[in-house]
Amino acid sequence: MRIDQNVIIGRQDAHLPREQSPFGRLHFGDDAVLFPGCVVLGGANRIGAGSTVGDNSVLTGDTGENEIWAGSPARKVGVRSDG
């Protein structure tokens with residue numbers, strides 16, 4: 001797991017009491033990468049092994065394994081391969 005500078009991880013439902021928030025623990029798979037300036041909010045509870053979240057992207061949901069996510073809001077834009 002690699003987290004670059006200026007990454008923000010937090011809740012998107014800060015108006016709710018913590019015990020009412022569905023945002024729990026965030027699980028990172030092996031070799032996952034969060035690039036500089038990306039934001040991981042609320043609905044994301046799992047970043048799959050080998051997945052990447054691009055620079056300045058805003059991720060609000062889970063990722064699968066070896067996926068590439070980018071944009072605001074982040075969308076799956078590709079799949080990593082070792083070829």
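## Overall dimensions

The protein has 83 residues, for which a compact globule would have a radius of gyration near 12 Å, and the value for this chain, 12 Å, agrees with that expectation. The model is a predicted one. Taken along the principal axes, the C-alpha atoms fill a box of roughly 45 × 20 × 20 Å.

Of the 83 residues, 39% count as buried, while the accessible surface comes to about 5,000 Å², with 48% of that area belonging to carbon and sulfur atoms. Among contacts with a separation of 6 or more, 25% are accounted for by residues 24 or more positions apart.

## Strands and sheet

The protein contains ten strands and zero helices. Five strands form an open sheet of mixed pairing, in the order 1-4-7-9-10. Strand 1 (2-3) and strand 10 (75-79) stand at the edges of this sheet, and each has a single partner strand, so one side of each is left without a neighbour there.

Within the sheet, strand 4 (residues 33-34) and strand 7 (residues 52-53) run parallel and are joined by two bridges; Val-33 has Thr-52 of strand 7 as its bridge partner.

## Salt bridges

A search of the whole structure finds three salt bridges. In one of them the side chains of Asp-4 and Arg-2 meet at 3.2 Å, N to O, and Arg-2 is partly exposed, with a relative accessible area of 41%.

Another joins the side chains of Glu-65 and Arg-46 at 3.7 Å, N to O. This pair links distant parts of the chain, 19 residues apart, with Glu-65 in the loop between strand 8 (58-59) and strand 9 (67-70) and Arg-46 in strand 6 (residues 46-47). Arg-46 is partly exposed, at a relative accessible area of 36%.

Lys-76 also forms a salt bridge, with Glu-67, and the closest N and O atoms of this pair are 3.6 Å apart. Lys-76 is partly exposed, with a relative accessible area of 47%, whereas Glu-67 counts as buried because its relative accessibility is 13%, and buried means under 20%.

## A nonpolar surface patch

Met-1, Ile-3, Ile-9 and Phe-28 form a nonpolar patch on the surface, and together they have about 330 Å² of accessible area. Phe-28 lies in strand 3 (residues 27-28), and its relative accessibility of 31% means that Phe-28 counts as partly exposed.

Terms used. Residues numbered from 1 in each chain as written. Predicted model: local features only at pLDDT ≥ 70, side-chain atom pairs only at ≥ 80, totals over all residues. Heavy atoms only, no water. Patch = residues over 30% accessible without salt bridge, like charges linked within 9 Å, V, L, I, M, F, W, Y side chains within 5 Å. Areas by Shrake-Rupley, 256 points an atom, 1.4 Å probe, with all protein chains shown as cover. Salt bridge = Lys/Arg side-chain N within 4 Å of Asp/Glu carboxyl O. Helix = DSSP H or I, 4+ residues; strand = E, 2+ residues; numbered from the N terminus. Buried < 20%, exposed > 50% of the residue type's maximum accessible area, 1.4 Å probe, protein only. Pairing = 2+ DSSP bridges. Rg over C-alpha atoms; globule rule 2.2 N^0.38 Å. Contact = heavy atoms within 4.5 Å.
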